[in-house]
Amino acid sequence: MKYIASISFGKDSLAMLLRLIEENKPLDEVVFYDTGMEFECIYKLRDKILPILKEHKIKYTELRPKEPFFYTMFYKPVKKKDGSSANGYSWCGGRCRWGTTEKLKALEKYSKGNYEYVGIAYDEPQRLNKERKGNKLFPLAEWEMTEKDCLKYCYDKGFNWNENGIELYSILDRVSCWCCANKNLKELKNYYKYLPFYWGKLKELQSKTSRPMKYNKYTVFDLEERFKNEK
Ligand code: SF4
């Protein structure tokens with residue numbers, strides 16, 4: 001059986017990877033599932049890590065959605081629960097996390113029959129309990145590394161999530177897909193204030209779907225009005 005690490009290049013999985021390498025733990029392969037909707041800094045981090053993997057003779061594999069994220073979001077013919085049809089699932093997040101479902105299935109299929117390192121921090125007991133199955137290994141929990149410890153570990157090793165001069169972890173709780181409808185209002189306001197490029201991209205997406213991004217109630221345009229007035 002091989003030892004595979006699932007890496008998203010967020011702070012927890014990156015800290016896990018760096019420490020696995022540092023402690024010379026068994027590690028044959030690193031797998032990154034690229035949704036195609038990652039922040040630019042995630043791809044930069046990946047490119048910084050690749051030579052390190054090469055140096056340690058660790059194989060690197062990238063998985064992708066079967067169809068591009070954008071297509072599934074807006075164009076894929078889908079049947080709704082009420083029997084009607086639609087083009088695309090619209091925003092991913094909340095109860096309709098179609099992107100996560102596909103990602104987890106793909107990673108599970110790929111790692112089947114092997115040991116899989118998963119980067120869930122020590123202070124996420126609910127997620128840990130939910131995921132404890134099969135051949136999954138949780139080194140961060142073993143090392144008692146909290147989310148805060150993971151971030152510090154990455155910073156100390158010279159890794160950050162710099163997006164046009166803004167450190168993403170200083171304004172976002174999670175660095176996941178930039179278009180994630182799970183982003184909370186505080187995070188979205190920070191997009192509006194500090195990440196105008198991505199805010200513009202969210203507006204573009206919103207203009208393609210009638211479903212409001214947040215709570216099925218507020219469109220990105222509604223939120224912009226709200227944030228302007230909160231200034
Ligand atoms: S991070 Fe958000 S948008 Fe990306 S796959 Fe997960 S739920 Fe969907």
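This is a predicted model: local features need pLDDT of at least 70, side-chain atom pairs count only at pLDDT 80 or more; totals for chains, interfaces and linings use all residues.
Trainee: Thanks! How many helices and strands are there in the protein?

Mentor: Helices (H or I, at least four residues) and strands (E, at least two) are DSSP runs, numbered from the N terminus. By that count the protein has ten helices and nine strands.

Trainee: What radius of gyration does the protein have, beside that of a compact globule?

Mentor: The C-alpha atoms fill a box of roughly 50 × 45 × 30 Å along the principal axes. The radius of gyration is also taken over C-alpha atoms, and the globule rule is 2.2 Å times the number of residues to the power 0.38. For 231 residues a compact globule would come out near 17 Å, which agrees with the protein's 19 Å.

Trainee: What share of the residues counts as buried?

Mentor: A residue is buried if 20 or more other C-beta atoms lie within 10 Å of its own, exposed if 12 or fewer, and partly exposed in between, with C-beta atoms placed from the backbone. Of the 231 residues, the buried share is 32%.

Trainee: Which domains does the assignment give, and how far apart are their centres?

Mentor: The bounds come from an automatic or database domain assignment. It gives domain 1 (3-67 + 94-179) and domain 2 (183-231). Taken over C-alpha atoms, their centres are separated by 27 Å.

Trainee: How many residues does each domain bring to the contact?

Mentor: Two residues are in contact if their C-beta atoms, placed from the backbone, lie within 7 Å. The contact between domain 1 and domain 2 takes seven residues from domain 1 and eight residues from domain 2.

Trainee: Which residues of the largest nonpolar core touch the most other members?

Mentor: A nonpolar core is a set of buried Ala, Val, Leu, Ile, Met, Phe, Trp, Tyr and Cys residues joined through C-beta atoms within 7 Å. Helix H1 (residues 11-22) gives the largest share of this core, five residues. Both domain 1 (3-67 + 94-179) and domain 2 (183-231) give residues to this core, so it lies between them. Of its 53 residues, the ones touching the most other members are Ala5, Leu14 and Cys150.

Trainee: Is Tyr117 buried or exposed?

Mentor: Tyr117 is found in strand S6 (residues 115-118). Leaving aside neighbours within four places in sequence, its contacts include Ala5, Met16 and Leu20. Because Tyr117 has 24 C-beta neighbours inside 10 Å, it counts as buried.

Trainee: And Gly36, is it buried or exposed?

Mentor: Gly36 sits in the loop between strand S2 (29-33) and helix H2 (40-55). With 12 C-beta neighbours inside 10 Å, Gly36 counts as exposed.

Trainee: What is the phi of Asn24?

Mentor: Asn24 is found in the loop between H1 and S2, and with 8 C-beta neighbours inside 10 Å it counts as exposed. The phi of Asn24 is positive in a residue other than glycine, near 60°.

Trainee: What about the phi of Asn216?

Mentor: Asn216 lies in the loop between helix H9 (196-206) and helix H10 (220-230). It is partly exposed, with 13 other C-beta atoms within 10 Å. Although Asn216 is not a glycine, its phi is positive, about 55°.

Trainee: Last one: how many nonpolar, polar and charged residues are in the shell around the ligand?

Mentor: A residue is near a molecule if its C-beta atom, placed from the backbone, lies within 6 Å of it. Residues around the ligand include Thr35, Cys92, Arg97, Lys103 and Asn182. Ala, Val, Leu, Ile, Met, Phe, Trp, Tyr, Cys and Pro count as nonpolar, Asp, Glu, Lys and Arg as charged, and the others, Gly among them, as polar. By class, the shell has four nonpolar, six polar and two charged residues.

Technical notes:
Residues are numbered from 1 along each chain as its sequence is written.
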